[in-house]
Amino acid sequence: LYLGTAIGVLCSGPVGDRIGRVGPIYASYLGLIVTSLWLVLLDSEKQLALACCRFLMGFACGFGQPVSFALVSETMPSAARAAALYAMATCGIMGYMLASFGMRLFLPDLGVTAGLWRHLIGFTALPSVVCLLLSLVLLEESPSFLAVSGDSVGVQRVMDKIAAANVSGYRSNSQQTNRWAVFSARVDRDAGHSMLSTLAAVSVLVDQYFWPALAICTVDTFRGFMVAGSAYTFPKLLSQVEDSRFAPATLDLISQTTAISGIAVGVMLARSRVPHRAVIGTAAIAAAISLLSLIVMNRGSAALVLSCCIAVRFTYHPMQAALSTIAVETFPTEFRATAIGGYHLISKFGIVAAPAILEMELAESTTRAVVVLAAAAACAALSSLALPTTDSQLPLKDFADPDRKQGLAERTAEKLLQRKLPAGRCRSEERATYGTMSKLSA
């Protein structure tokens with residue numbers, strides 16, 4: 001499963017930068033539906049077929065991740081970008097909660113009860129069905145991607161739909177098409193000049209983005225190790241609690257559910273313009289302290305162990321959302337999805353390594369496993385100091401933009417959006433922002 005996810009995110013970026021952001025998202029949902037159905041119907045004694053099915057399921061899951069982050073960031077106005085990415089992290093928490101609820105419903109003892117794992121697989125496939133239907137109705141291609149691709153008609157159509165969603169009774173102004181045609185021709189000319197030689201382009205990319213990419217990959221690898229490792233270790237810790245009246249799966253569900261408040265804090269920090277790398281460093285330090293607390297406390301107390309598990313999981317998604325915001329604001333539109341897929345791929349090494357390493361540690365004692373997790377959290381905090389500083393109030397960058405300071409596509413798109421939202425029709429830009437966010441979050 002993890003290997004398939006890694007290959008999926010690796011393929012998703014180049015495909016998304018080549019053909020667009022929406023297509024891979026459709027393919028991801030459809031792949032999850034098909035592989036889940038296949039796994040439910042498959043004979044459990046066919047080990048090779050089961051492994052292939054899980055690989056393809058992981059591939060489908062990973063194939064939609066990088067492009068989804070790119071699509072949301074490229075569609076949001078600058079002021080709403082960070083909050084939108086934090087909103088995506090909220091959906092991630094809902095996924096964990098749904099999985100925990102399914103475990104409580106079908107596998108309450110955290111064991112592989114005969115046949116019931118098939119019910120769990122089918123249950124967790126239901127969101128993919130709902131999301132595929134909603135995406136076919138609601139999702140549109142990224143205006144930034146269309147702009148740098150020279151598709152003036154597509155940009156006009158998408159911007160008209162966004163404006164119509166924000167302003168009741170909006171009518172398209174066909175005169176804008178000529179403006180977009182001139183704009184797209186300029187982007188094509190600049191992009192052609194910048195990408196004249198593939199070798200020269202690669203040289204520029206390495207020179208400009210190698211160290212930021214390395215810092216992002218390092219932080220996300222340690223974060224992934226901490227998240228996957230704690231998900232592997234916490235059920236074992238909860239199963240050792242002596243004074244609990246609840247099953248371990250129930251305690252795990254409680255810790256997953258209450259950790260959703262971490263996103264609320266993250267959104268508040270994003271609106272107050274706290275630096276994203278400060279959010280990551282603070283959250284990683286808090287996770288390390290919470291994990292170390294598990295070593296010195298009485299692990300027979302359900303309340304104490306559960307509180308520490310909640311505190312660690314509280315930090316998961318603010319770290320992920322802040323790191324994703326840094327990534328989308330660091331890399332330009334032309335290879336943004338590829339860059340996001342690249343750092344997601346690197347982080348999978350941490351996710352894959354965590355169970356293998358912690359299995360050996362847990363064989364000795366749970367204390368050693370907790371120490372390893374705390375060390376990973378501390379390394380994430382230390383690595384966050386090397387992350388690039390970004391400003392969520394500025395438009396995204398385009399490789400075709402000569403000064404590389406503000407994205408030509410998004411800057412023009414935002415001006416067009418503002419022209420289509422007159423003051424008399426919309427009381428504030430913030431109201432327009434949340435109208436767009438509501439559409440995309442659905």
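Reader: Leaving aside neighbours within four places in sequence, which residues is Leu 387 in contact with?
Author: In this predicted model, Leu 387 is in contact with Ala 215, Ile 216, Val 219, Arg 277, Ile 280, Leu 323 and Ile 326, its neighbours within four places in sequence left aside.

Reader: And which residues touch the most other members of the largest nonpolar core?
Author: Leu 387 is among them, together with Ile 216, Phe 234, Ile 280, Leu 291 and Leu 294; that core has 71 residues. Helix α10 (residues 198-239) supplies the largest share of this core, 12 residues.

Reader: What does the second, separate core include?
Author: That core has 9 residues, including Leu 32, Ala 49, Ala 60 and Ile 121.

Reader: Turning to the helices, at what angle do the axes of α2 and α4 cross?
Author: The axes of α2 (residues 22-41) and α4 (residues 65-75) cross at roughly 135° and come within 9 Å. The two helices are therefore oblique to each other, and α2 passes α4 in a left-handed crossing.

Reader: Which residues meet there?
Author: From α2, Val 22, Pro 24 and Ile 25 meet Val 67, Ser 68 and Leu 71 of α4. By type, the residues of this contact are 5 nonpolar, 1 polar and no charged.

Reader: One more topic: is Asp 17 buried or exposed?
Author: Asp 17, found in helix α1 (residues 2-19), counts as buried because its relative accessibility is 15%, and buried means under 20%.

Reader: What does Asp 17 touch?
Author: Not counting residues up to four places away in sequence, Asp 17 touches Phe 145, Thr 333, Glu 334, Phe 335, Arg 336, Ala 337 and Thr 338.

Conventions:
Residues are numbered from 1 along each chain as its sequence is written. This is a predicted model: local features need pLDDT of at least 70, side-chain atom pairs count only at pLDDT 80 or more; totals for chains, interfaces and linings use all residues. Side-chain values use heavy atoms; hydrogens and water are left out. Helices (H or I, at least four residues) and strands (E, at least two) are DSSP runs, numbered from the N terminus. Buried means under 20% relative accessible area, exposed over 50%, partly exposed in between (1.4 Å probe, protein chains only). Contact means heavy atoms within 4.5 Å. Axes are lines fitted to C-alpha atoms, for helices over the stretch in contact, and angles run from 0 to 180 degrees between N-to-C directions. Angles under 35 degrees count as roughly parallel, over 145 as roughly antiparallel, 65 to 115 as roughly perpendicular and the rest as oblique. A crossing is left-handed if the near helix is turned anticlockwise from the far one by less than a right angle, and right-handed if clockwise. Ala, Val, Leu, Ile, Met, Phe, Trp, Tyr, Cys and Pro count as nonpolar, Asp, Glu, Lys and Arg as charged, and the others, Gly among them, as polar. A nonpolar core is a set of buried Ala, Val, Leu, Ile, Met, Phe, Trp, Tyr and Cys residues joined through side-chain atoms within 4.5 Å.
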